[in-house]
Amino acid sequence: MSKVVITIFGASGDLAKRKLYPSLFRLYKSGILAENFAVIGTARRPWTKAYFEGIVLESISDLAVSETQAKTFASHFYYQSHDVQDAEHYATLKKLQDELSDTYQTEHNKVFFLAMAPEFFGTIADHLKSEHIVDGQGFERLIIEKPFGTDLETAKQLNQALSETFDENQIFRIDHYLGKEMIQNIFAVRFANILFEHVWNKAFIDNIQITFAESIGVEDRGGYYDQSGALKDMVQNHILQVLSILAMDKPASFSSADVLPEKIKVLESLRLPDEQAINTNFIRGQYQAGQINNQDYQAYIDEPSVASQSKTETFASGVFFVDTDRFQDVPFFFRTGKRLTEKGTRINIIFKNNANIFEQTVTPNILTIYIQPTEGFSLQVNGKEVGKHFSIEPVKLDFRHDADALGNSPEAYEKLIYDVLNGDVTNFSRWQEVKASWTLIDKIVNTWQADKAPLHYYPAGSMGPVESFNLLKKYDTNWIWQP
Ligand code: BG6
């Protein structure tokens, strides 16, 4: 059972309502949070405690077993109207923090969750120190939402600002993909199966394909997205994090002390493309009007808060190489985009063909990891087709979680907050990882922003521009996309 006061900056925001309160409630239901916890919500709006409790109750309405349970949980929530730039407000916060620590006997353990505009992260961290809210008593941990900077330079500045108040092992940079059940499952698939462990390298793997497809458009986030684009929004963080788990060497143990250095090694070994390689190996695209499931969707440039001449990419695809002994020259293809055919997050590991004694071509073994919406994995192997002739045919061994298991599977945020309460940094991005991924992404962004590479268009409802398919053809392969 955790003893803690959690302060959420951005308590009136969408993330808090959709993800944080329900996740905290699930932790409460499972007894990880019980009597000894309190939550302070802060935001500019002048809410009362009762109003804030109402918001919390609304966000957990589907999850509560009884009204009493929900109300008891919500009674642990306190609200403090707060201007992040006003030192006096931090003094009030400090007072409340100390009072709640006494009332709920939380032994001065503190978690600060920054769920708001990133430009204030540095200011908040500064004030937490100068107003002695961070006072060295109990554990003190900072959870910080993405984006961590908008390029290497701003990421460095932010890191510098945070490190004035918090040590690296007190900073928990959220990448919600690292909290997903099937992303964490990659460790199990790779390191708990002799079948895969010894063939997980360049001698046996032909290529790896990572697809993070979304059918939604930019919705009401046009203002943010138009400044960001798919590369910064999805690749710099989620895709490169997943790639690091796929490509890492076997850690000596499953502990953050052993896992994280292996992930860092991968990200620091990413091959940095020059301008020519960027042009041949990376594709940017933007959606035009089109249809998904018979419904019409407008072009990206017609979305609210998007510049009408915008050249921001809503689709990014390309190939990364990891210059390690394990994976030297093995292509890691990726593609991600908005308004694609369907929501589908999948990884395909395509193995090499072995020397074939049969008089017919044999399809390669493919391991598919289904991240979402369906969760599970499948393995394509070859067998004999039933009949009197000897003929080889591929068959699929398929495992998907059943609906019950899915119902019980924790939300990414629930798992990540649980890790924070336990001080486990394994599923968070370390500074060295962030630095290495920005180093690579900056190079591509710079070329794209200088308009030195073409922007390809694709109709909403497709799987991106044809150039993304042609890229794989150059490497003698195709995107694998099976149900
Ligand atoms: C976020 C991006 O990090 O991830 C969004 O900012 C994207 O643009 C989202 O839609 C996808 O997350 P999930 O969990 O729905 O796959």
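A polar side-chain atom of Y177 lies 2.4 Å from an oxygen atom of the ligand. This is a predicted model, where local features need pLDDT of at least 70, side-chain atom pairs count only at pLDDT 80 or more, and totals for chains, interfaces and linings use all residues. Residues are numbered from 1 along each chain as its sequence is written, and side-chain values use heavy atoms, with hydrogens and water left out.

**Around the ligand**

- K146 also has a polar side-chain atom 2.8 Å from a ligand oxygen, and for D233 a side-chain N or O atom sits 2.6 Å from an oxygen atom of the ligand.
- On its own the ligand has 400 Å² of accessible area, and the protein covers 81% of that (Shrake-Rupley method, 1.4 Å probe).
- The residues around the ligand (a heavy atom within 4 Å) include H176, K180, R221, H238 and Q372.
- That shell splits into 2 nonpolar, 3 polar and 7 charged residues; here Ala, Val, Leu, Ile, Met, Phe, Trp, Tyr, Cys and Pro count as nonpolar, Asp, Glu, Lys and Arg as charged, and the others, Gly among them, as polar.
- Helix α10 (residues 230-247) gives the largest share of the shell, 3 residues; helices (H or I, at least four residues) and strands (E, at least two) are DSSP runs, numbered from the N terminus.

**Salt bridges**

- The whole structure holds 29 salt bridges (a side-chain nitrogen of Lys or Arg within 4 Å of a carboxyl oxygen of Asp or Glu).
- E214 and K343 form one of them, at 3.8 Å from N to O. E214 is in the loop between β7 and α9 and K343 in the loop between β12 and β13, so this pair ties together parts 129 residues apart in sequence.
- E214 is buried at 10% relative accessibility, while K343 is partly exposed at 31% (buried is under 20% relative accessible area, exposed over 50%, partly exposed in between; 1.4 Å probe, protein chains only).
- K265 pairs with D249 at 2.8 Å and with E262 at 3.2 Å.
- A network of salt bridges links K94, D98, K110, D135 and E140.

**A buried arginine**

- R173 belongs to strand β6 (residues 171-173) and is buried, with a relative accessible area of 2%.
- Its side chain makes a polar contact with the side chain of N159 (2.8 Å) and reaches the backbone oxygen of S429 at 2.9 Å.
- Polar contacts are pairs of N or O atoms within 3.5 Å; within protein, one must be able to donate a hydrogen and the other to accept it, and residues adjacent in sequence count only if both atoms are side-chain atoms.
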